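I opened the file and kept notes as I went. The entries follow the order in which I looked things up.

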Amino acid sequence: MIEDNIIYKNRISEEEAEKASYAYLMSTVVLLVGLPLPIINMIATIMFYLGNRKKTYFVRFHCIQSMLSQIFIILMNSIGISWTLSIIFGNNIITNLYIAYIITIIGFNLLEFAASIYAAVQTRKKQNVLFWFFGPLTELICKP
């Protein structure tokens with residue numbers, strides 16, 4: 001098992017490791033610019049994928065995994081934003097369910113941020129990182 005990992009690491013070039021790492025860093029860096037508009041993170045991730053879709057499997061895999069996690073986060077955030085706006089500008093009230101949802105999406109955003117940093121560091125070291133839900137899904141989508 002350890003020997004297989006060493007052989008796998010030796011087949012990945014520095015450029016591939018760097019590009020795979022950028023797939024995760026892209027959403028993290030764009031977060032600073034796009035914090036008020038989470039769609040900006042998604043657009044940047046999609047553009048990065050489109051620019052690298054003909055690269056090696058390692059790079060494509062991590063671009064797709066990053067993109068899938070961004071899709072999940074943007075859906076969660078969009079629901080939270082629309083719910084918040086309906087409370088501010090509509091006649092909805094703050095309920096326990098709303099508070100629980102906001103706490104949940106804050107947790108998911110922090111978890112995704114930490115996972116993206118971890119994945120960026122590990123892919124730069126030529127380690128393959130599989131996110132809990134998105135890794136197996138990415139394996140179904142991205143073929144070698």
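Entry 1, surface. I took accessible areas from the Shrake-Rupley method with a 1.4 Å probe. On that basis the chain exposes about 9,000 Å². Carbon and sulfur atoms supply 71% of that area. I note here that the model is a predicted one.

I counted elements next. The chain has six helices and zero strands. Read from the N terminus, the order is α-α-α-α-α-α. I then checked burial: 38% of the 144 residues in the chain are buried. For contacts, I looked at residues at least 6 apart in sequence. Of those contacts, 72% join residues at least 24 apart.

I asked how far H3 reaches from its first C-alpha to its last. The helix covers residues 39-52, has 14 residues and reaches 20 Å. That is close to the 20 Å expected at 1.5 Å a residue. Which residues of H3 are buried? I found Asn 41, Met 42, Ala 44, Thr 45, Phe 48, Tyr 49 and Asn 52.

I moved on to H6, residues 134-141, which holds Thr 138. The buried residues of H6 are Phe 134, Gly 135 and Thr 138. Down the axis of H6 they fall within an arc of 100°, so they line one face of the helix. What do the buried residues of H6 pack against? They pack against H4. I left aside its neighbours within four places in sequence and listed the contacts of Thr 138: Phe 61, Ile 64, Gln 65 and Leu 68.

How many aromatic pairs does the structure hold? I noted seven. One of them is Tyr 57 with Phe 61, a tilted pair at 5.9 Å centre to centre and 45° between the planes. Tyr 57 and Phe 61 are four residues apart in helix H4 (residues 57-89), so about one helical turn separates them. Tyr 57 is partly exposed because its relative accessibility is 27%. Phe 61 is buried, at 2% relative accessibility.

I then checked Trp 83 and Tyr 98. Their ring centres are 5.3 Å apart and their planes stand at 70°, so the pair is edge-to-face. Trp 83 lies in helix H4 and Tyr 98 in helix H5 (residues 96-124), so the pair ties together parts that are 15 residues apart in sequence. Trp 83 has 21% relative accessibility and counts as partly exposed. Tyr 98 is buried, because its relative accessible area is 11% and the cut-off for buried is under 20%.

Entry 6, aromatic cluster. Last, I looked up which residues form one aromatic cluster. I listed Phe 72, Phe 108, Trp 132, Phe 133 and Phe 134. Phe 134 is already in my notes as one of the buried residues of H6.

Notes. Residues numbered from 1 in each chain as written. Predicted model: local features only at pLDDT ≥ 70, side-chain atom pairs only at ≥ 80, totals over all residues. Heavy atoms only, no water. Helix = DSSP H or I, 4+ residues; strand = E, 2+ residues; numbered from the N terminus. Buried < 20%, exposed > 50% of the residue type's maximum accessible area, 1.4 Å probe, protein only. Contact = heavy atoms within 4.5 Å. Expected span 1.5 Å × (residues − 1). Phe/Tyr/Trp six-rings, centres within 6.5 Å; stacked < 30°, edge-to-face > 60°. Arc of directions from axis to C-beta.
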